[in-house]
Amino acid sequence: MKYLIVGLGNIGYEYENTRHNIGFRVLDALAKASNLVFTDGRYGATCELRLKGRVLVLLKPSTYMNLSGNAVRYWLQKENIPVENMLVVVDDLALPFGTLRLKPKGSDARLRFGIGNDFPRGGQIEFVLGSFPPEEEKQLPEKLERAGEIIKSFCLAGVQQTMNQYNNK
């Protein structure tokens with residue numbers, strides 16, 4: 001069985017460690033833990049993680065976030081993956097830093113990674129495109145590892161069981 005795991009972010013060095021790129025960082029951590037390396041391809045960088053008889057295609061789209069649908073459609077079709085086997089990892093201002101929430105959204109699922117919302121009125125763009133402060137950066141490895149556990153559980157146990165296990169912690 002195949003799964004498409006999409007980490008959302010913006011391409012380019014200037015966005016590398018921003019809050020908005022947490023989707024890329026989650027996939028980078030998951031790949032690194034399995035000694036996998038992304039290769040650049042059409043519409044994005046990918047690698048394949050094999051997990052108990054399943055294949056997880058990890059995708060970091062090379063389109064800007066608002067155009068990531070093009071990359072997602074291409075890879076779902078290319079790899080012949082049903083949309084219900086797709087998980088999108090995205091940053092979320094509405095959740096406190098490091099909070100992870102898995103939710104079905106339409107026919108696919110979203111893993112929302114809380115980045116907090118500690119910014120002055122009108123400062124949302126600067127906040128989202130800013131870096132994590134040192135105290136949050138220190139906590140990131142643990143949060144990224146947990147996000148990887150949720151992704152694996154989604155592929156092995158399904159969205160409902162994974163939500164029950166992880167969303168309340």
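I looked up Asn35 and found it exposed, at a relative accessible area of 71%. (I call a residue buried under 20% relative accessible area, exposed over 50% and partly exposed in between, with a 1.4 Å probe and protein chains only.) Asn35 is found in the loop between H1 and strand E2 (39–41). Its phi is positive, about 55°, although Asn35 is not a glycine. Most residues other than glycine have a negative phi.

Notes on the source. This is a predicted model, in which local features need pLDDT of at least 70, side-chain atom pairs count only at pLDDT 80 or more, and totals for chains, interfaces and linings use all residues. Residues are numbered from 1 along each chain as its sequence is written, and side-chain values use heavy atoms, with hydrogens and water left out.

I then turned to Asn80. Asn80 lies in the loop between H2 and strand E5 (86–92). Its phi is near 55°, a positive value in a residue other than glycine. Asn80 is exposed, with a relative accessible area of 67%. (Helices, H or I with at least four residues, and strands, E with at least two, are DSSP runs numbered from the N terminus.)

Next, the helix packing. The axes of H1 (residues 22–33) and H4 (residues 134–157) come within 9 Å and cross at roughly 75°. (Axes are lines fitted to C-alpha atoms, for helices over the stretch in contact; angles run from 0 to 180 degrees between N-to-C directions.) H1 is therefore roughly perpendicular to H4. (Under 35 degrees is roughly parallel, over 145 roughly antiparallel, 65 to 115 roughly perpendicular, and the rest oblique.) I listed the contact residues, meaning heavy atoms within 4.5 Å. H1 gives Ile22, Arg25, Val26, Leu27, Ala29 and Leu30. H4 gives Glu137, Leu140, Leu144, Ala147, Gly148, Ile151 and Lys152.

Then the aromatic rings. I searched the whole structure and found five aromatic pairs. Tyr74 and Trp75 form an edge-to-face pair, because their ring centres are 5.4 Å apart and their planes stand at 90°. (Rings of Phe, Tyr and Trp, the last by its six-membered ring, pair if their centres lie within 6.5 Å; planes under 30 degrees apart are stacked, over 60 edge-to-face, the rest tilted.) Ring pairs link Tyr43, Tyr74 and Trp75 into a cluster. Trp75 is buried, at 6% relative accessible area.

Last, I checked Arg73. Arg73 lies in helix H2 (residues 68–79). Arg73 is exposed, at 53% relative accessibility. Its C-alpha atom is separated by 9.9 Å from that of Tyr43, 30 residues apart along the chain.
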